[in-house]
Amino acid sequence: MRYSQMFIPTLKESPADAEVVSHKLMVRAGMIRQLASGIYTILPLGLRVLRKIERIIREEMDGIGGQEVFMPSIQPSELWVESGRWNFYGKELLRIKDRHDREFCYGPTHEEVVTDIVRREVKSYRHLPLTLYQIQTKFRDEVRPRFGIMRGREFMMKDAYSFHADVESARETYGQMAQAYSNIFKRCGLTFVKVQADSGTIGGSFSHEFAVLADSGEDRVGFCDRCDYASNLEMAEARPPEGEDSQPEEALREVATPGKKSVAEVGEFLSQPAARIVKTLLFDTDRGLVAGLVRGDRELNPIKLKNLIGCEWAHPASEADIAKNDCPPVGYVGPVGLNLKVFADHEVMQLKSFVAGANKPDAHFAGVSPGRDFKVEKSGDLRDVRAGDPCPRCAGTYQVRRGIEVGHIFILGTKYSRAMKANYLDPNGSEKPMEMGCYGIGVGRTAAAAIEQNHDEKGIVWPVPIAPFQVAVIPVNYSNEKVREASDALYRALWDAGVEALLDDRSDRLGVKLNDADLLGAPLQIILGPKNLDDGKVEFKVRKTNVSEVQPLAGAAEKVVALLKTL
């Protein structure tokens, strides 16, 4: 393509509302423009990137037997009521009514729709397994959309769904899908990790995320420095403590702590380390108010608490929840005599003679021991892991990095097939619910994550496979006949060799062209000036290293093809 014929509205300054690099650079590079909060128009340069990611996805999905479909984005409420998610999904679900006052939603995901399709058409085990996928627009009414297309309300997503006669078949496809996802992100030129994850509102028995490592990531990822164990911190396992507490068991006693609420305040007042103070945190759940216990130097993980309880949701209790349940004042809550179910981290269960709230103002208990002084409904891993904590799988230690979730795969089991009666007949003629899996990739998020991982102070540094153009051909002075003829000839030769080139045929100064080339991020720049051309040469500049080298013009297209394979 010729620059003069393309719509690339670049900007010198970043938009005021842009918080992350990818948002700033995608706007500056003329790839996206905001229409409304969290809703973006994808401009030609941006669409070229998305289409390349889509092509890679399609090739890998087709390679494991996936079949592409295209499902409606507007979905009738009846399907969501049937699955039980119409009320559960919450305000992110955009609900609308048609002229006949019938309720619909703009699909944030398509489990209900695809299950309805399959239950109508698939009746026998002979037609299973079956994997259907689509690349389609979704809408989730985020309360605070931000980061450009990385966390918008409307977004492009690849979602796949598999249907099986048994768990073994579902797990086999899950493994194939995990490998296909790894292939996709490798082919996109990204550095990523596969991590254990929570299933969230999708549900199901277990899941994994694929996270691109980047300092701007919203998620924190814990991974071992020795083995291949990795997990989102929401699910990262903490190794249970070994041995017994060396502290002798003391008698329970109440101590005055006037005005001391926080762990730091209580610890300083009583001369106790934070590790010997236990925090009692109240959570509202679908099973009522509960208490969670962790050491004072730890943070309680609500996802782990939810999973330990086995409830649908767990949120920190509000002041209204606490008042309604006649609970002690915040800062003085403790497990002794508390009229709530208590769930404790396994580190708390190891402690003896610790400090905890006394359930009345300005007082704490010392000498508290679990079992003797209070009952624990259930104990387990409830805390966030930290860098340096021991790996739960080997003798290594945790490292913690930030990551951007770009893919998520789930084993759904029979959550949707039972609710929606998606059954099949087995070889004995018995009717059984289908086992299901679902698998998503954020197409726009993948593009944004690539920028977060590949940029410098000048602009984007695209990985070759997803760059909108692989080469920028930059004439120093396109009005010069010799420069123009050489540039046009090289441009045509590159396209003939299968290289996507952008010819900057504008009349702007060279500095403007070079700045725009750096901003747009083509992996390779070829600069043609009259002096070098007099010697039969051109300048090659690798965008990633900013290293330039003069090369012969003759055979330049062939050299480019070979060079791009190394970048």
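Residues are called buried under 20% relative accessible area, exposed over 50% and partly exposed in between, with a 1.4 Å probe and protein chains only. By this scale asparagine 546, at 28% relative accessibility, counts as partly exposed. The structure is a predicted model, in which local features need pLDDT of at least 70 and side-chain atom pairs count only at pLDDT 80 or more, while totals for chains, interfaces and linings use all residues. Residues are numbered from 1 along each chain as its sequence is written, and side-chain values use heavy atoms, with hydrogens and water left out.

Helices (H or I, at least four residues) and strands (E, at least two) are DSSP runs, numbered from the N terminus. Axes here are lines fitted to C-alpha atoms, for helices over the stretch in contact, and angles run from 0 to 180 degrees between N-to-C directions. On the α1 side the contact (heavy atoms within 4.5 Å) is made by Val21, Ser22, Leu25 and Met26, and on the α11 side by Ala448, Ile451 and Glu452. Five of the residues in this contact of α1 with α11 are nonpolar, one is polar and one is charged. In this grouping Ala, Val, Leu, Ile, Met, Phe, Trp, Tyr, Cys and Pro count as nonpolar, Asp, Glu, Lys and Arg as charged, and the others, Gly among them, as polar.

Turning to the sheets, two strands pair if DSSP finds at least two bridges between them. An open sheet of three strands runs in the order β4-β6-β5 with antiparallel pairing. Its edge strands are β4 and β5, each of which pairs on one side only, and the twist averages 40° from one strand to the next. Strand β4 (residues 74–76) joins β6 (residues 103–106) over three antiparallel bridges, whereas β5 (residues 94–97) joins β6 over four, again in the antiparallel sense. Cysteine 105 of β6 is the bridge partner of glutamine 75 and also of arginine 95. Isoleucine 96 stands opposite phenylalanine 104 in β6. The hairpin of β5 and β6 has five residues between the strands, and there aspartate 101 takes a positive phi near 70°.

A second open sheet has five strands in the order β16-β14-β15-β17-β20, with mixed pairing. The edge strands are β16 (314–316) and β20 (378–380), each pairing on one side only. Neighbouring strands of this sheet are turned by 35° against each other on average, direction ignored. Strands β15 (residues 288–295) and β17 (residues 341–345) pair in the parallel sense over four bridges, and leucine 293 stands opposite alanine 344 in β17.

Helix α6 (residues 263–270) has Val263, Val266 and Gly267 as its buried residues. Seen down the axis of α6, these buried residues fall within an arc of 100°, so they line one face of the helix; the arc is that of the directions from the helix axis to the C-beta atoms. Ala264 and Glu268 are exposed on the other side of α6. The buried residues of α6 pack against β14 (278–285), β18 (354–357) and β19 (363–368). Just after α6, serine 271 takes a positive phi of about 55°.

Some further backbone features deserve a look. Most residues other than glycine have a negative phi, and most peptide bonds are trans. Asparagine 359, in the loop between β18 and β19, has a positive phi of about 65° although it is not a glycine; asparagine 359 is buried, with a relative accessible area of 19%. Asparagine 546 lies in the loop between β30 (537–542) and β31 (547–552), and its phi is near 60°. A cis peptide bond, with omega about 5°, joins leucine 128 and proline 129, and proline 129 is found in the loop between α4 (111–121) and β7 (130–139).

Finally, glycine 413 is found in strand β21 (residues 398–413) and is buried, with a relative accessible area of 12%. Glycine 413 touches Met434, Glu435 and Met436, not counting residues up to four places away in sequence. The C-alpha atoms of glycine 413 and arginine 171 are separated by 10.0 Å, although these residues are 242 residues apart along the chain.
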